[in-house]
Amino acid sequence: MTVNVKFWGVRGHMPCPTQEHIVYGGNTSCVEVAWGDTALILDAGTGIRFCGNEYVRRRSQSAVVLLSHCHWDHIIGLSFFAPIQTHGWKVRVLAGQLADKGGVGAVFANAYGPGPTYPHPLKNWYATETTSFEDFRAGEVLTDLAPGAVVRTTPLNHHADGATGYRIEVEGQVICYVTDTEHVPGSPDQNVLDLIRDADLVIYNATYTDEEFPSKVGWGHSTWQEGVRLCKAANAKRLALFHHDPNHEDSFMARLEDEARQTWEGVLVARDNMALALG
Ligand SMILES: [Zn+2]
Ligand SMILES: [Zn+2]
């Protein structure tokens, strides 16, 4: 069975729907990995609104959202994810680095209202009885998310609260989602190497270039060149550059894409609404 990967939002930091972001897109992080009638959703940035609108038309009444972490660009779309606003749907939202910090449910309860940042409490925008916020510990293997899928996880290097990388193994395909994470130049992240070993597709936090990186140390992100180095070292087949800097407008991204593809033929640059069929 074919595994379809759809990029609903590829930007990092904040949405940027301008004339200079039309080609590569301006929505923040959301990727759907689907096979048959089943899917896993990675992150809930602004792209998840479009995902949800299609989801309610074609899916059975359940959805699983795996969060890399809870920075705004990865969660801000959840309240406008149609399944979570629809009674009768069962929605699971999972995160891997908050078990000792109050849990992912508390993060959402605090982020939303009633209050100055959002008018409605959680219980007003989702079906309380069918939505669950669940915590696991990055490093665990998750086997109860979707029939036939094994999801391995690993901790990433991203500020004090960290982030979680995912490796989805399903239908003979391996898709990895590695964002947000900062590398140490000259010292490949062994957790990431282990996670992406022999993967068919690695979606990687390529916010910056190696040239920009020295001025971005401590910002929590990596470069497209590091993505290439990691994929080659781990024998991964393809690399999707992801979580683009909003300051990288289309003309910059086109030059980056040319350079990256000349560096390694396995590279592609993710764009909003790009769809890949694997297998
Ligand atoms: Zn981010
Ligand atoms: Zn982040």
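Residues are numbered from 1 along each chain as its sequence is written, and chains are lettered from A and ligands numbered from 1 in the order in which they are written. Because the model is predicted, local features need pLDDT of at least 70 and side-chain atom pairs count only at pLDDT 80 or more, while totals for chains, interfaces and linings use all residues.

Beginning with the overall form, the C-alpha atoms of the protein chain fill a box of roughly 50 × 40 × 35 Å along the principal axes. Buried residues make up 48% of the 279 residues; a residue is buried if 20 or more other C-beta atoms, placed from the backbone, lie within 10 Å of its own, exposed if 12 or fewer, and partly exposed in between. Among contacts between residues at least 6 apart in sequence, 66% join residues at least 24 apart, a contact being a pair of residues whose C-beta atoms, placed from the backbone, lie within 7 Å.

The secondary structure comes to 7 helices and 14 strands; these are DSSP runs numbered from the N terminus, with helices (H or I) of at least four residues and strands (E) of at least two. Seven-stranded and open, one sheet has the order β6-β5-β4-β3-β2-β1-β14 with mixed pairing, where two strands pair if DSSP finds at least two bridges between them. β6 (131–135) and β14 (275–278) stand at the edges with a single partner strand each, so one side of each is left without a neighbour in the sheet. From one strand to the next, the twist averages 20°. Strands β1 and β14 run antiparallel and are joined by 4 bridges, and Lys6 has Ala275 of β14 as its bridge partner. Helix α3 (residues 104–111) packs on the sheet, where it touches β5 (90–95) and β6, and its direction makes about 125° with that of β6. Such angles run from 0 to 180 degrees between N-to-C directions, with axes fitted as lines to C-alpha atoms, for helices over the stretch in contact.

Beyond its neighbours within four places in sequence, Ile41 is in contact with residues including Cys30, Ile48, Cys51 and Val65. Cys30 itself lies in strand β2 and counts as buried because it has 28 C-beta neighbours inside 10 Å. Among its contacts outside four places in sequence are Trp8, Ile41, Asp43 and Gly77. Cys30 and Thr46 are 16 residues apart in sequence, yet their C-alpha atoms are 7.4 Å apart in space.

Asp43, in the loop between β3 (38–42) and α1 (48–58), is not a glycine but has a positive phi of about 75°; with 28 C-beta neighbours inside 10 Å, Asp43 counts as buried. His13, also not a glycine, has a positive phi of about 70° and sits in the loop between β1 (3–9) and β2 (30–35). Its 20 C-beta neighbours inside 10 Å make His13 count as buried. Finally, a cis peptide bond with omega of about -5° joins Thr179 and Asp180, and Asp180 is found in the loop between β10 (173–178) and α5 (190–196).

Definitions and conventions
Contact = placed C-beta atoms within 7 Å.
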